[in-house]
Amino acid sequence: MGKIIDERRVYSDSRFSDLRKALKQAPDICANRACVYATGSFGRREASPHSDLDLFIVSLSDEKDGADRSHLSKLNEILLKAELIRASKELMFPDFSQDGRFLQHHTEKRLIRSTGNQYDDYENTFTARLLLLLESMPLAGADVHSKVIDDVIEKYWREYPDHYDCFMPAFLANDILRYWRTLCLNYEASTIERPKSEQVLRDRAKRKIKNYKLKHSRMLTCYSAVLYLLFVYGRSATVTVADAQRMVSLTPTARVEFVGNELNGSDPARCIDDLLGKYEHFLDVTSVSEDELIGLFSDDTEAHRLRDEQSSFGDLAYEVLYSIGNKNALYRRLVI
């Protein structure tokens, strides 16, 4: 693995360890009831000093009288959120975005029951569930975090017992692609309105930064998982529950690295090395403060160069996926 990725992992782990130590009550509040997990750059283990802290809370629950009753009481939820806010401020993390709007609590039952139904997007369980599988790191309640992951995988692998020797994880893979396309649609929707005149240049730069991150970190989060599933299915003609658990345990860059190591010097492996190299460059570019990034993307020449880089990264990601998925039945299922 490259130097920058290694450095980011060390930094992320150190900051995350400090945050865990600062949480005095959270382990007791969460014990056998709930978990708190980080997503985003800390979930991917590639944070910088300017990275936000993105957290979700998931609790175990029971269904009684048709109601989904959380094991985490409303009062304990308030205490848990208060401690997360206090500890993050104490360690000088950036404030939670949009005044804590995304510091949400979901129950495991709701997270699983909503899989694929019409309420999934509305309740934001779709995002919480996909990020749980694609880029999550437990901050408190690690045992509950593991249980919820296993239960979510079981939902996606519900047909595995009848097809254990030829199981194709199309349900999960399609949900991953749906998540990626949702991110793209959300980006487009957020850029429809023209900014106010006094904020034109700054807001344009922010949109360019958002697009640059979408076409690198968000893309790799989704397609590293697709790549892993394609590779395992192509090698074994099935994907087991253990394979899925292994995929979830790896960060996006580690999934790509795993496939590259398994390919052992072949042409696709060299493409994977190039892909990781380009991703390291992305991490280097985005390691500065928001104001510095805005300054960079406000320069038309630099913004054009960086836009070409994100296109090149996408082209290379496609080349890697095609080289692994070509003539693979799962790849065909995802395309048509």
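**Notes on the strands, cores and cavity**

1. Tyr37 stands opposite Phe56 in β2. Strands here are DSSP runs of E with at least two residues, and helices are runs of H or I with at least four, both numbered from the N terminus. Before going further, please keep in mind that this is a predicted model, where local features need pLDDT of at least 70, side-chain atom pairs count only at pLDDT 80 or more, and totals for chains, interfaces and linings use all residues. Residues are numbered from 1 along each chain as its sequence is written, and side-chain values use heavy atoms, with hydrogens and water left out.

2. Strand β1 (residues 34-39) has partners in β2 and β6. Six bridges join β1 to β2 (residues 54-59), and the two run antiparallel. With β6 (residues 137-140), β1 pairs in the antiparallel sense over three bridges, and Val36 stands opposite Ala140 there. Pairing requires at least two DSSP bridges between the strands.

3. How much of β1 is buried? Six of its six residues are, where buried means under 20% relative accessible area with a 1.4 Å probe, protein chains only. Ala34, Val36 and Ala38 point one way, while Cys35, Tyr37 and Thr39 point the other way.

4. Helix α7 (residues 125-134) is also mostly covered, with nine of its 10 residues buried. Among them are Thr125, Phe126, Arg129 and Leu134.

5. The largest nonpolar core has 82 residues, and Trp157, Ile176 and Leu229 have the most contacts inside it. Its largest share, 17 residues, comes from α10. A second, separate core of 25 residues includes Ile29, Val36, Leu53 and Leu55. A core here is a set of buried Ala, Val, Leu, Ile, Met, Phe, Trp, Tyr and Cys residues joined through side-chain atoms within 4.5 Å.

6. Trp157 is worth a look. Beyond its neighbours within four places in sequence, its contacts (heavy atoms within 4.5 Å) include Phe167, Pro169, Leu172, Leu229 and Val241.

7. Where is the largest cavity lined? Its lining includes Met219, Leu220, Tyr223, Val256, Leu275 and Leu321. Five lining residues come from α10, the largest share, and α10 (200-236) and α15 (300-325) each supply at least two. The volume is about 70 Å³. A cavity is a set of points on a 1 Å grid over the protein atoms alone where a 1.4 Å probe fits but cannot get out, and lining residues have an atom within 4 Å of a point.

Note on methods:
1 Å grid on protein atoms, 1.4 Å probe; cavity = no way out; pocket = protein on both sides within 12 Å on 5 of 7 lines; lining within 4 Å. Points joined across faces, edges and corners; volume = space filled by probe spheres on them. Buried < 20%, exposed > 50% of the residue type's maximum accessible area, 1.4 Å probe, protein only.
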